[in-house]
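Open the model in your viewer and keep the selection panel at hand. The stops below can be taken in order.

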Amino acid sequence: MKDDRLRAARRYEHRAPATRAVHAGQYPSEHNGALVVPIYQAATFERQVVLGDGYDYSRIANPTRTALEECVAALEGGTAGFAFASGMAATTTAVLALCATGGHAIIPDNVYGGTWDLFSRITARWGLDYSVVDMTDLDAVAAALRPQTALVWVETPSNPSLRVTDIAGVAALARANGSRLVVDNTFASPVLQQPLAFGADAVMHSTTKYLSGHSDVTGGVLVTADADVAETIGFHSGALGTMGQPFDSWLVLRGIKTLPMRMAQVCGSAQRIAEYLAGHSRVRRVHYPGLPGHPGHDVAKTQMSGFGGVVSFELDGTAEEAAALCARTRLFTLAVSLGSVESLIQNPARMTHCTTGGTPVVVPDSLIRLSVGLESVDDLLDDLEQALRAG
Ligand SMILES: *Cc1c(COP(=O)(O)O)cnc(C)c1O
């Protein structure tokens with residue numbers, strides 16, 4: 001049962017992110033006093049009357065998932081959240097909810113591989129046209145907008161090149177055209193960037209990454225402050241069955257409690273690692289928005305409160321040397337994914353960005369992507385130094 005008095009007393013809109021991360025959406029008196037929202041591993045719920053409020057079937061709503069959805073909505077400054085089985089389930093649901101056959105969407109040239117597959121190989125078959133645009137160029141975005149453009153998709157910072165898109169700039173263009181803007185905020189997390197405040201209609205996260213933060217679950221969320229967008233996403237989630245499961249929701253909710261602390265730590269370590277790499281003779285180029293020379297640094301400063309934990313760099317060497325370096329690190333584990341407590345290393349051209357074949361942006365063979373975790377930054381720097389020296 002919802003405890004409205006407790007909810008009123010614990011409104012989190014005016015609270016800091018660290019406070020929201022621990023408490024938002026979580027009301028012990030609604031769960032027999034359990035301090036941690038239980039895992040409601042139930043498919044169906046007893047009804048007191050045939051028609052009435054409350055939970056009835058877990059595809060439509062589940063109390064553990066509701067707690068997560070309220071928590072992420074509070075973190076993003078939205079009014080409604082929706083949790084999904086994966087980031088791609090969230091993206092798919094948003095695209096099916098906001099677009100239709102005969103419509104048009106705009107996606108970034110440097111888009112996540114799974115998102116690219118969705119537009120280029122799935123929704124295109126159903127008659128959704130799309131344009132691929134360099135989102136760092138607002139004139140190119142303006143030129144690509146059409147009367148039938150229903151959706152503009154932004155990912156910032158982008159994967160794996162850490163390009164930065166001006167959210168407010170794209171939002172103004174989209175709004176003037178009557179198009180919806182959705183921002184994939186996975187790399188920043190809601191702690192560092194809140195796209196709704198810059199005019200986005202909805203925000204998407206792969207909670208597999210920073211929100212859960214422990215490499216033990218796949219999940220996704222969408223958050224909006226727009227009642228019409230909330231209505232259609234809620235309907236599509238229930239109808240499509242793309243929603244997240246109770247145990248997965250519980251894991252993400254648990255991870256979120258430490259999200260602000262984790263982000264503060266990885267931002268500090270990633271900045272030091274980016275600066276170290278930028279001064280290294282074997283490194284051709286470093287992509288990190290926290291470096292003053294990064295093309296998106298000034299825009300990032302206006303919309304992010306930190307620059308995140310992902311650093312990419314181009315080795316001054318061959319594809320083979322880059323692959324060998326990835327296999328030589330001892331603390332950075334050779335694995336795809338990001339945003340976890342463990343530091344990871346990977347070679348996008350041969351790993352995340354090879355399966356997606358036709359991704360519009362060609363990733364250099366020598367590009368290496370690091371996801372900086374919570375280990376001692378001195379140990380991480382030692383590890384990179386031994387790996388770079390040994391080549
Ligand atoms: C991982 C990721 C996704 C997809 O999320 P899954 O949970 O793997 O489905 C989407 N966008 C970005 C930026 C990602 O890193």
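In which helix is Glu69 found? Select Glu69: it is found in helix H3. This is a predicted model, in which local features need pLDDT of at least 70 and side-chain atom pairs count only at pLDDT 80 or more, while totals for chains, interfaces and linings use all residues. Residues are numbered from 1 along each chain as its sequence is written, and side-chain values use heavy atoms, with hydrogens and water left out. Helices (H or I, at least four residues) and strands (E, at least two) are DSSP runs, numbered from the N terminus.

**Glu69**

Glu69 is buried, at 15% relative accessible area. Buried means under 20% relative accessible area, exposed over 50%, and partly exposed in between, with a 1.4 Å probe and protein chains only. Now show what surrounds Glu69. Leaving aside its neighbours within four places in sequence, Glu69 is in contact (heavy atoms within 4.5 Å) with Gly81, Phe82 and Ala83.

**Helix H4**

Next select residues 87–98, which make up helix H4. Nine of the 12 residues of H4 are buried, so the helix is largely enclosed by the rest of the structure. Among the buried ones are Ala90, Thr91, Ala94, Val95 and Leu98. Draw a distance between the end C-alpha atoms of H4: they are 17 Å apart, which agrees with the 16 Å that its 12 residues should span at 1.5 Å a residue. The expected span is 1.5 Å times one less than the number of residues.

**Aromatic pairs**

Now show the rings of Phe, Tyr and Trp. Rings (for Trp, the six-membered one) pair if their centres lie within 6.5 Å; planes under 30 degrees apart count as stacked, over 60 as edge-to-face and the rest as tilted. By this rule there are four aromatic pairs. Trp116 and Tyr130 are edge-to-face, at 5.9 Å centre to centre and 85 degrees between the planes. Trp116 lies in helix H5 (residues 113–122) and Tyr130 in strand E3 (residues 129–133), so this pair ties together parts that are 14 residues apart in sequence. Trp116 is buried, at 11%, whereas Tyr130 is partly exposed, at 21%.

Move on to Phe247 and Trp250, a stacked pair at 6.0 Å centre to centre with 20 degrees between the planes. The two are three residues apart in helix H10 (residues 246–256), about one helical turn. Phe247 is partly exposed, at 41% relative accessibility, while Trp250 is one of the buried residues of H10. Select the whole of H10: eight of its 11 residues are buried, and these pack against H2, H3 and helix H11 (259–278).

Most residues other than glycine have a negative phi, and most peptide bonds are trans. A cis bond joins Thr156 and Pro157, with omega about -10 degrees; another joins Asn159 and Pro160, with omega about 0 degrees.

Then select Asn32, in the loop between helix H2 (17–23) and helix H3 (63–76). Its phi is positive, about 55 degrees, and Asn32 is exposed at 85%. Ser215, in the loop between strand E6 (202–206) and strand E7 (220–224), also has a positive phi, near 55 degrees, but is partly exposed at 47%.

**The five-stranded sheet**

Finish at the open sheet, whose five strands run in the order E8-E9-E12-E11-E10 with mixed pairing. Two strands pair if DSSP finds at least two bridges between them. Strand E8 (283–287) and strand E10 (333–334) stand at the edges with a single partner each, so one side of each is left without a neighbour in the sheet. Select residues 344–346 and 367–371: these are E11 and E12, antiparallel over three bridges. Gln346 has Arg369 in E12 as its bridge partner.
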